[in-house]
Amino acid sequence: MNRRIRRAFVLAFVSALAIAIGGAGQEPILTFSLDNANLSIPQGGTAVAILRIENGSVYQGDDIEPILAIEGIEVSPEPETIEALPPFDSGTVVLRLSADEGLPLGIASHVIEVLYAYCIGDLCFQFAEEIPLTLTVTPPSEIPVEIPEVLPVESAYPFWIRLGALGFGFAFLAAAIVLRRMASVRWPLYAVLCLFVLGGLAYGVVLNQHEQAQGIGAVLCTSCVGIEEAQHGEPEWTPAGIAALETIDEEIELLVFYAVWCHACPYAEAMVEAAASHNSRIGFRFVDVDVEPELAEASGVVRTGRTVVPAILRVDTGKILFGAEGLEARLIDLLGGDS
Amino acid sequence: MKLGHRRRFAQGAGLLFGLFGITGIGMTHLIFPGLHCYACPLAVTVCPIGLIQNLIVFGTIPFFWLGAIAAYGLIAGRGFCGWFCPFGTLNDLLAFRKVRIRDSISYSKFAILIGTLIAAWAFADTMFCKLCPAASIEASIPYLFLGVAKVNRPFLVHMGTLAGTIGGMILIARFWCRYLCPMGAILSLFNRVSFLHLRLSPDRCAGCGTCTRSCPMGLEPHTEHDNHNCIKCGECVESCHLGALSLRVGPQKAGREAPRR
């Protein structure tokens, strides 16, 4: 009986792990690449940038919209929006750029912002990814622009290869266990387990998963370990709160520290955004602590080795708010509004 | 050095390793071989259960995690529970009543493990961490004093699970390790292949049951020395005056030895 129970649990564990690894959450699911991140455009001429989009997840990417706004250049994306990118599929957007004749010569860095969303059941996530583009404006040229052929690009480690590697690992392990049980041969099991250890660690390092693990450990998301409850509601300011915001008569700059996987962060971000919409003297910037860890450390949102998110820093006073619980009152206090 | 003294030394080392951040070293790439909250202000390693939940939320196929866990399993299996895990050490400190284990109920830790994985996938969140008693001690309480946490509902939930777990530990030795620990469930899968293992010399065993009375996990070591619940603490080895049980390091033989009586 016990052996049956144990087998059932092991089977359920492996099944749950298999189901779980197919899942995804509040994590960007699309990867973007530009065929030509260093683009030249002649004054009064045209250029073409090709944006390639890969969906490496089991979820569908929705309403993918690239935005590139440069003064003196008209940008026409084709298509303007990819309404749906199925799981494990790839897509391409051709950005046609037409420069004014009077556009100043020189090199400038720009960013293509790509907005998209995806949903797991009723839970939807929205993302804004930024893809850097260096644009060199050259003197007028007579040479016509050739539109490069749009070909799909294969990822170095596609999802099916990773899944296949894992499948092979478990298949060998199962075979070795059977050998040990049926024929009492123990060395194949030890050999497979050693390969499992070395292969797992090595492939994990190749995929940078050790950095991912370190990054997860180094950032404390207040709602994730139950320091506070994650706020999922609409970020609404009460009339009294709005009145208090309107009393602020000094220029205030806020830094909002967040991590993409932090559940409390979107609420904190939205509350600050809403506060700024009620008083134009409030300026803010969002800081991804995984992208700018040095800024997080220098700003004092690190507590005994952990970067705590969400955190809102008032730059001129250095005062910091942690978490998103009771945020309206705490934000008014931080901003010095008369409540 | 006596086996018991060696174990205390190793448990102390586990505790020091868990709190190594006191030296100023930040988070490393290492995964801890036990239940130890990475949100702890002094942690330098990542909690395996917290990490796997995050990887599920991210949709990452956890190669690095699997490699590390298989390494720990292969080295000592549940030996890490008995020799290294700080939360296991707390269990040891409160092990007053070494009652017999209910083997069928001990599979509940697998249910908790499976529930943890499914909940992470279903809610896209680290649900287990919100209840974990190790996080209660290592994150909730320290962050209360650091001014990050407040006495709110999640904090009280943490204190509730901690109080329940400590109560369980006092009533039943190694209560958490026996019935609830998801990390123990994972390591127990490796117990019959781990290099650190308990060995029985059948010729020397008189079947007196002294080892049974000493086992904090409530096992009968002379008949269940390769049981998935054995934490290889060596209490039975020390208690056996006939030297029938020993802790060995090396590949395990297939099949179970039984006392010849």
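Let me start with a cysteine, B:C215, whose sulfur in this predicted model lies 6.0 Å from the closest cysteine sulfur, the one in B:C233, and that is too far for a bond. A disulfide would need the two sulfur atoms within 2.5 Å, and by that rule the count over all chains comes to zero disulfides. B:C81 is likewise in no disulfide, since the nearest cysteine sulfur, which belongs to B:C177, is 6.0 Å away.

Of the 261 residues in chain B, 63% are buried. If we take the contacts in chain B between residues at least 6 apart in sequence, 74% of them join residues at least 24 apart.

To give one example from the helices, please look at B:T165, which is found in helix 8 of chain B and which, at 6% relative accessibility, counts as buried. Leaving aside residues up to four places away in sequence, B:T165 touches B:F87, B:P133, B:F175 and B:W176.

Now to the aromatic residues. A pair of aromatic rings is described by the distance of the centres and the angle of the planes. Over all chains, the structure holds 16 aromatic pairs. In one of them, the ring centres of B:Y72 and B:F80 are 5.5 Å apart and the planes stand at 75 degrees, so this pair is edge-to-face; both B:Y72 and B:F80 are buried. B:F80 also pairs with B:F84, with centres 6.2 Å apart and planes at 80 degrees, so this pair is edge-to-face as well, and both B:F80 and B:F84 are buried. These residues belong to one aromatic cluster, which is formed by B:F17, B:F32, B:Y72, B:F80 and B:F84.

From rings we can turn to charges. Side chains of opposite charge can pair when their charged atoms come close. How many salt bridges are there over all chains? The count comes to 14 salt bridges.

One of these is in chain A, where A:D333 forms a salt bridge with A:K319, the closest N and O atoms being 3.2 Å apart. This pair links distant parts of the chain, for A:D333 is in helix 8 (residues 327-335) of chain A, while A:K319 sits 14 residues apart from it, in the loop between strand 15 (311-314) and strand 16 (320-322). A:K319 is partly exposed, with a relative accessible area of 38%.

In chain B, B:R8 forms a salt bridge with B:D92, and here the closest N and O atoms are 3.7 Å apart. B:R8 lies in helix 1 (residues 3-18) of chain B and B:D92 in helix 5 (residues 86-93), so the pair ties together parts that are 84 residues apart in sequence. The two partners can be told apart by their accessibility: B:R8 is partly exposed, with a relative accessible area of 47%, whereas B:D92, at 15% relative accessibility, counts as buried. Both take part in a network of salt bridges that links B:R7, B:R8, B:D92, B:R174 and B:E235.

There is also a salt bridge between the side chains of B:D125 and B:K130, with 3.1 Å from N to O, and in this case both B:D125 and B:K130 are buried.

Finally, let me come to the place where the two chains meet. The contact takes 68 residues from chain B and 68 residues from chain A. The area buried between chain B and chain A is about 6,200 Å², and carbon and sulfur atoms give 69% of it. How many salt bridges are counted between chain B and chain A? The count is zero salt bridges, although eleven residue pairs, both residues at pLDDT 80 or more, are in polar contact between chain B and chain A. On the side of chain B that touches chain A, at least two residues each are supplied by helix 2 (48-58), helix 3 (63-76), helix 6 (108-123), helix 7 (133-145) and helix 8 (153-171) of chain B.

Notes. Residues are numbered from 1 along each chain as its sequence is written. Chains are lettered from A and ligands numbered from 1 in the order in which they are written. This is a predicted model: local features need pLDDT of at least 70, side-chain atom pairs count only at pLDDT 80 or more; totals for chains, interfaces and linings use all residues. Side-chain values use heavy atoms; hydrogens and water are left out. Rings of Phe, Tyr and Trp (its six-membered ring) pair if their centres lie within 6.5 Å; planes under 30 degrees apart count as stacked, over 60 as edge-to-face and the rest as tilted. Buried means under 20% relative accessible area, exposed over 50%, partly exposed in between (1.4 Å probe, protein chains only). A salt bridge is a side-chain nitrogen of Lys or Arg within 4 Å of a carboxyl oxygen of Asp or Glu. Helices (H or I, at least four residues) and strands (E, at least two) are DSSP runs, numbered from the N terminus. Contact means heavy atoms within 4.5 Å. Buried area is the accessible area (1.4 Å probe) that two parts lose on being put together, summed over both. A polar contact is a pair of N or O atoms within 3.5 Å; within protein, one must be able to donate a hydrogen and the other to accept it, and residues adjacent in sequence count only if both atoms are side-chain atoms.
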